[in-house]
Amino acid sequence: MQTIRKKPQRTCLGCRNSKDKTELVRIVRTPEGEVVVDRTGKKNGRGAYICPDPECLRLAMRSKALGKALSTEIPEEIYEILTAEIRHGE
């Protein structure tokens, strides 16, 4: 008998919808305090997720949700990397 595994769900910081973890972009605050985009989904640290949608990124930036979720100030370059990655994925 095979067991059907549930896919982990995470909530987007922009639209607040739950989606499969693999569909979202992960941003991590490492134990050293560095904020990075985690393309592997396995980096150590506090993670936050956002849909690969420019509107979700805009909403998260406007509400400062990313900084609140990671309990740190988000450098402008992280938003630039996210914007480029989301545009590239379209």
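Strands S3 (residues 25-29) and S4 run antiparallel and are joined by 4 bridges; two strands count as paired if DSSP finds at least two bridges between them. Helices (H or I, at least four residues) and strands (E, at least two) are DSSP runs, numbered from the N terminus. This is a predicted model, in which local features need pLDDT of at least 70 and side-chain atom pairs count only at pLDDT 80 or more, while totals for chains, interfaces and linings use all residues. Residues are numbered from 1 along each chain as its sequence is written, and side-chain values use heavy atoms, with hydrogens and water left out.

**Strands S3 and S4**

- Arginine 29 stands opposite valine 35 in S4.
- The hairpin of S3 and S4 has 5 residues between the strands, and glycine 33 takes a positive phi near 95° there.
- In a regular strand the side chains alternate between the two faces of the sheet.
- Strand S4 (residues 35-38) is covered on both faces, with Val35 and Val37 buried on one side and Val36 and Asp38 buried on the other. Buried means under 20% relative accessible area, exposed over 50%, and partly exposed in between (1.4 Å probe, protein chains only).

**Aspartate 38**

- Aspartate 38, in strand S4, has a relative accessible area of 3% and is therefore buried.
- Its side chain makes a polar contact of 2.8 Å with the side chain of threonine 40. A polar contact is a pair of N or O atoms within 3.5 Å; within protein, one must be able to donate a hydrogen and the other to accept it, and residues adjacent in sequence count only if both atoms are side-chain atoms.
- A polar atom of the aspartate 38 side chain also lies 3.0 Å from the backbone nitrogen of lysine 43.
- Not counting residues up to four places away in sequence, aspartate 38 touches Arg26, Val28 and Lys43, where contact means heavy atoms within 4.5 Å.

- Aspartate 53 caps the N-terminal end of H1, with a side-chain oxygen 3.0 Å from the backbone nitrogen of glutamate 55.
- Cys56, Leu57 and Ala60 are buried in helix H1 (residues 54-63). They lie on the same side of H1, because they cover an arc of only 100° around the axis; the arc is that of the directions from the helix axis to the C-beta atoms.
- Most residues other than glycine have a negative phi.
- Lysine 64, in the loop between H1 and helix H2 (65-70), has a positive phi near 55°. Its relative accessible area is 56%, so lysine 64 is exposed.
- Serine 71, in the loop between H2 and helix H3 (76-89), also has a positive phi near 55°. Serine 71 is exposed, at 59% relative accessible area.

**Nonpolar core**

- The largest nonpolar core has 23 residues, of which Leu13, Ile27, Ile50, Leu66, Leu70, Ile74 and Leu82 touch the most other members. S3, S4, strand S5 (46-50), H1, H2 and H3 each supply at least two residues of this core.
- A nonpolar core is a set of buried Ala, Val, Leu, Ile, Met, Phe, Trp, Tyr and Cys residues joined through side-chain atoms within 4.5 Å.
- Leaving aside neighbours within four places in sequence, leucine 70 is in contact with Ile27, Val28, Arg29, Val35, Arg46, Gly47 and Ala48.

**Cysteines**

- The count is 0 disulfides, a disulfide being a pair of cysteine sulfur atoms within 2.5 Å.
- The sulfur of cysteine 12 is too far for a bond, because the closest cysteine sulfur, in cysteine 51, is 3.5 Å away. Cysteine 12 is buried, with a relative accessible area of 0%.
- For cysteine 15, the closest cysteine sulfur is in cysteine 56 at 3.7 Å, also too far for a bond. Cysteine 15 is partly exposed, at 26% relative accessible area.
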